[in-house]
Amino acid sequence: MADSPESGAVLERSPDSGQSSLDALFFVVIALFLGVFTKHVLAWTKIPFTALLLVWGVLLGIGSETYTKHWKFIGTGIAFWEDIEPNFFLALLLPLILYGAAITMHWHTLRRCLLQVLLLAFPGVVVGAALTAVFAKYAFPYDWSWLESLLFGSMLSATDPVAVIALLHEVGAERNLRTVIEGESLFNDGSAYVLFLLFLNALRGDALTGKSVVKQLCQLALGGPAVGIAFGMVMVVWLRFIYNLDVVEITMTIVAAYGSFIVANEILGVSGVLAVLILGIWMAAFGSHHISRQVQRPLKIVWEELEFIANTLIFILAGVIIAGNVYLSQHSSSSPVTIRGREYGYAFLLWIVLLAIRCVVFLVCYPVLKYTGYSITLRQAAVMVWAGLRGAVGLALSMFLLFDGRVSDRSFRLLAFFFMGMIAAITILVQGTTTSWLLEALGMTRRLSAKRTFLNNVMQQIEQHGETHAKTVKHSNLLGAPNWKDITSLASLNAKQLLTRYESVANIKRPFPHWDPSDVEQEASHKHITAQTKTAQVRQETRARLLRAVQQTYEDVFERAQIVPGHMYQLNSTADQALDHTDQPLCDWTYLQQKLHLPHWLRVLFRFHKLPFMARLCRQQLFQYLQDCASVMVAFHYAHTDAAHSMLHFDLHMGEHASHPEPNADQPNHTRSSIDGGHKAPQQIIQEIIQESRGQLRLVEEQLKALRSAYPEVMASIRTRQVAQEMLLAKEAHIHELRSSGLMDEAEVEEVIHLIERQKKRLHFAGSLLRVQPATSELRQLTAFHGLSDQELAKVPLGFSEPYFNPKSPKPKNTALLYYLTMLVRLRLPLHGCCF
């Protein structure tokens with residue numbers, strides 16, 4: 001390898017640079033093939049996916065140095081990637097990994113865990129990097145300088161718990177635990193990258209004084225997020241003007257990810273990693289619902305694929321370079337260092353020390369972790385310590401260091417890369433494969449029996465639905481009757497295997513952790529589950545499931561374009577807040593009311609309504625605000641009604657076995673399906689939660705009725721939009737039915753679908769459909785004016801224009817009757833702060 005890749009052209013092993021580029025592309029094809037093969041054929045193994053990629057890379061590297069070094073395709077292709085320019089390497093792969101991970105974060109959970117995440121990601125990374133540098137300085141026999149040791153420590157601080165996160169998803173671990181681990185990893189990458197750049201620049205010759213350190217840290221750590229937020233805001237605004245253009249919207253996200261990294265890293269000199277990270281979180285929080293409905297699923301698939309490609313290339317390339325350099329160090333006299341058994345021993349010792357350092361960091365931070373956000377228990381902290389794997393970002397930084405000939409000497413760069421690769425391999429192979437055993441030993445793979453009860457009944461209803469369908473299957477005149485014994489074995493689901501993860505009441509021996517709405521486990525002093533505790537758990541689980549059903553209905557309403565992204569954000573966030581408090585009666589309407597209060601800026605605007613042209617603007621803003629409130633309330637009412645209807649027809653039994661006898665109709669209700677022999681029956685709990693939901697619905701109905709009475713044009717505009725959208729969706733569905741029947745060919749279908757899409761786009765950007773009624777129309781709605789003709793009604797004085805904008809203003813004497821009547825119509829709306 002060339003010692004200074006930045007000083008000249010790429011080292012080519014083929015006389016033709018174009019052929020070398022094609023060989024590099026061929027290597028990418030081979031790497032992706034191995035990734036697909038591993039993901040599909042080797043999925044049955046318990047070895048993490050990234051660990052197998054490293055193994056493939058090592059095998060390719062050994063083959064490259066021994067058999068295929070001068071082969072036209074494989075050897076020269078590997079050589080091209082080994083000598084790639086380091087900045088291009090980071091810019092090519094890091095944005096895909098970081099943005100793809102950031103956009104999957106659950107914003108509500110991350111916001112509540114933010115203090116915990118930032119504590120581990122910034123002070124924790126600084127402490128971890130410093131302690132690792134101390135170990136490297138005094139334990140390694142390589143006489144590294146402090147700057148080299150600190151650069152090495154910062155590089156090892158970037159964690160990548162992708163294997164652990166996948167396992168936590170598989171075993172159904174708590175969302176808050178997954179969010180803290182994943183959030184810590186993402187912000188770790190950002191803070192580790194900032195430290196890495198700081199010490200990298202110092203090794204390149206920049207002065208490292210106290211003032212310069214503070215200046216660089218502020219520039220890197222604050223400038224990067226600012227760039228990410230700026231790109232995110234532009235993206236959200238731009239997406240508002242795009243409708244169902246999948247290629248445009250998906251390409252915009254890719255351009256934003258790469259653009260933010262390049263602008264931050266190369267143009268402004270700030271942290272590109274933090275820029276992409278904050279951009280992804282911003283889009284997850286505020287931009288995801290601005291993506292068109294039909295584009296959301298393709299966008300998710302594209303980013304999963306891009307993240308898969310980036311991870312595959314990094315891990316296989318790391319394995320190739322590790323194997324190649326180890327081989328050269330042992331078989332080439334020109335190698336600056338020889339990798340012997342001693343280095344492998346130091347790598348193993350380094351892994352032990354990194355675990356110890358992570359334990360120290362968590363012990364220091366544990367008081368804050370326990371009493372902030374979602375409280376972290378000791379068991380969860382143990383899992384988080386073990387989840388500190390090293391992976392893609394650390395490997396990318398180590399390869400960047402290896403490729404950069406301006407940093408220190410080649411022996412340091414080669415050893416740093418070797419140790420980084422070994423730590424990544426050990427953590428993934430050891431910690432990644434044993435996390436499931438740790439979770440099992442800590443009792444974190446078994447969930448509460450309340451969840452077992454719900455899942456048990458769901459599985460029964462699924463089986464009953466299948467049996468009911470089988471009974472409706474008619475005898476086929478062509479094929480005859482099926483073999484029902486084979487059907488039973490082929491179509492029956494193995495519910496027992498699924499239910500083993502959920503702890504039974506009778507089998508719990510350890511102290512039982514208290515359960516709350518977001519699956520937060522807290523240490524409890526209970527030695528066994530009493531009937532009252534089980535009742536409370538079932539009640540909380542019922543509230544949680546109803547709220548999740550409500551959120552799913554919000555998604556359906558949003559999919560049908562009956563609410564806008566801002567409404568979706570409000571509704572989802574209030575449901576998330578209620579999920580944090582399922583130990584209390586349903587309270588999402590309380591949180592939603594707080595979001596529907598009249599904005600302060602609108603109150604200020606009304607003070608200037610007497611100025612020229614301001615009355616019309618005030619009226620437009622008022623009606624737009626009322627329309628937004630009404631749309632949100634209608635969606636809330638529909639979602640709770642639908643969720644309560646589904647819950648009402650859910651036949652819940654509290655037994656612990658997979659099957660239950662049919663209840664006897666003559667048996668008294670209080671003896672059916674009791675909980676551990678006493679207290680509230682499950683159906684009574686469901687009815688109780690449904691009544692809580694209906695209590696909220698009554699409050700919403702009062703508001704909507706008052707709004708319809710005082711502002712009928714607001715409700716009419718909402719209903720107009722709804723019906724128009726439903727008609728277009730019905731026409732679109734009918735066209736697809738005609739295509740399926742063969743009555744329309746593809747060309748005709750595309751033409752008609754294009755017409756429908758054009759109308760849907762027109763409706764999407766139509767703005768307000770309000771038709772404000774004149775004062776005479778409002779008066780006709782009152783009983784006292786029903787019999788008046790138009791001529792008689794015209795005699796009512798109309799001496800003022802917009803009396804309802806300021807109900808406290810002096811009342812004109814000659815228009816007192818109309819003023820009071822208008823006040824009666826327009827201001828009898830009790831919106832608890834929503835209006836004046």
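Visitor: What counts as a salt bridge?

Guide: A salt bridge is a side-chain nitrogen of Lys or Arg within 4 Å of a carboxyl oxygen of Asp or Glu. Here Glu-732, Glu-757 and Lys-760 are linked in a network of such bridges. Before going on, note that this is a predicted model: local features need pLDDT of at least 70, side-chain atom pairs count only at pLDDT 80 or more, and totals for chains, interfaces and linings use all residues. Residues are numbered from 1 along each chain as its sequence is written, and side-chain values use heavy atoms, with hydrogens and water left out.

Visitor: How many salt bridges does a search of the whole structure find?

Guide: Ten. One of them joins Lys-760 to Glu-732, with the closest N and O atoms 3.2 Å apart. Lys-760 lies in helix α29 and Glu-732 in helix α28, so the pair ties together parts 28 residues apart in sequence. Helices here are DSSP runs (H or I, at least four residues), numbered from the N terminus.

Visitor: Is Lys-760 buried or exposed?

Guide: Buried means under 20% relative accessible area, exposed over 50%, and partly exposed in between (1.4 Å probe, protein chains only). Lys-760 has 4% relative accessibility, so it counts as buried. Glu-732 is buried too, at 13%.

Visitor: Which helices hold Arg-358 and Glu-184?

Guide: Arg-358 forms a salt bridge with Glu-184, at 3.0 Å between the closest N and O atoms. Arg-358 is in α15 (residues 341–371) and Glu-184 in α10 (residues 175–203), so this pair links distant parts of the chain, 174 residues apart. Arg-358 is buried at 11%. Glu-184 is buried at 3%.

Visitor: What separates Glu-541 and Arg-545?

Guide: About one helical turn, because they are four residues apart in helix α22 (residues 531–559). Glu-541 is buried at 1%, while Arg-545 is partly exposed at 29%.

Visitor: What is a pocket?

Guide: On a 1 Å grid over the protein atoms alone, a pocket is an open set of points with protein on both sides within 12 Å along at least five of seven lines. Lining residues have an atom within 4 Å of a point. The second largest pocket here is lined by 44 residues; Val-564, Pro-565, Gly-566, His-567 and Asp-628 lie nearest its centre. Elements giving two or more residues to that lining include α26 (614–648), α28 (712–741) and α29 (746–764). The largest share, six residues, comes from α26.

Key
1 Å grid on protein atoms, 1.4 Å probe; cavity = no way out; pocket = protein on both sides within 12 Å on 5 of 7 lines; lining within 4 Å.
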